Amino acid sequence: MSFKKQYLKSKPVCKVTFTLSKDEAKNADKVCIVGDFNDWDVATTPMKKLKNGSFSSTVALPKDAQYQFRYLLDDNQWENDWNADAYMRSPVSFDENSVLAV
């Protein structure tokens with residue numbers, strides 16, 4: 001699990017590319033990124049499955065903000081990004097959410 005931040009010079013935006021390897025995705029057929037930036041909508045930000053079995057997606061986010069997020073594997077298993085900038089207790093469960101600072 002990882003993400004790469006690319007700040008745009010022309011706009012106050014950061015393009016964030018999220019990547020999950022095949023092993024991290026636990027051989028899932030479908031992975032979505034769900035978080036503050038898409039109102040926790042499980043259908044809004046699907047990740048593209050690559051030929052090698054990994055998943056990737058790029059999201060443009062306003063900079064100077066923090067976003068909580070998690071990965072949803074096959075619509076039933078939640079995973080954190082263990083390389084996140086921080087972690088925050090979820091307001092709806094006992095789990096922690098990954099935090100991305102841009």
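This note goes through the pocket, strands, aromatic pairs and cysteines of a predicted model.

1. Basis. The model is predicted: local features need pLDDT of at least 70, side-chain atom pairs count only at pLDDT 80 or more, and totals for chains, interfaces and linings use all residues. Residues are numbered from 1 along each chain as its sequence is written, and side-chain values use heavy atoms, with hydrogens and water left out.

2. Largest pocket. The largest pocket holds about 180 Å³ of space. On a 1 Å grid over the protein atoms alone, a pocket is an open set of points with protein on both sides within 12 Å along at least five of seven lines, whereas a cavity is a set where a 1.4 Å probe fits but cannot get out. Grid points are joined across faces, edges and corners, and the volume is the space filled by probe spheres set on the points.

3. Pocket lining. Lining residues, those with an atom within 4 Å of a point, are D36, W40, Q68, R70, W78, S90, P91, V92, S93, D95 and N97. By class the lining has four nonpolar, four polar and three charged residues. Ala, Val, Leu, Ile, Met, Phe, Trp, Tyr, Cys and Pro count as nonpolar, Asp, Glu, Lys and Arg as charged, and the others, Gly among them, as polar.

4. Strands here are DSSP runs of E with at least two residues, numbered from the N terminus, and two strands pair if DSSP finds at least two bridges between them. Strands β8 (residues 86-89) and β9 (residues 96-101) run antiparallel and are joined by four bridges. A hairpin of six residues connects β8 to β9. M88 stands opposite N97 in β9, and R89 has E96 as its bridge partner in that strand. N97 also belongs to the lining of the largest pocket.

5. The β6-β9 pairing. Strand β9 is also joined to β6 by four bridges, again in an antiparallel arrangement. The partner of F69 in β9 is S98.

6. Aromatic pairs. The structure holds eight aromatic pairs; rings of Phe, Tyr and Trp (its six-membered ring) pair if their centres lie within 6.5 Å, and planes under 30 degrees apart count as stacked, over 60 as edge-to-face and the rest as tilted. The F3 and F18 rings have centres 6.1 Å apart and planes at 55°, so this pair is tilted. F3 in strand β1 (residues 2-7) and F18 in strand β2 (residues 13-20) are 15 residues apart, and their pair links distant parts of the chain.

7. F18 is buried at a relative accessible area of 0%, and F3 is buried at 16% (buried means under 20% relative accessible area, exposed over 50%, partly exposed in between, with a 1.4 Å probe and protein chains only). F18 also pairs edge-to-face with Y71, at 6.3 Å centre to centre and 80° between the planes. Because F18 lies in β2 and Y71 in β6 (residues 66-73), the pair ties together parts 53 residues apart in sequence. Y71 is buried, as is F18. Ring pairs link F3, F18, F37, Y67, F69 and Y71 into a cluster.

8. Cysteines. The whole structure has zero disulfides, a disulfide being a pair of cysteine sulfur atoms within 2.5 Å. C14 is buried, with a relative accessible area of 0%, and C32 is buried at 2%.

9. Y7. Y7, in strand β1, is partly exposed with a relative accessible area of 43%. Y7 and K63 are 56 residues apart in sequence, with a C-alpha to C-alpha distance of 8.1 Å.
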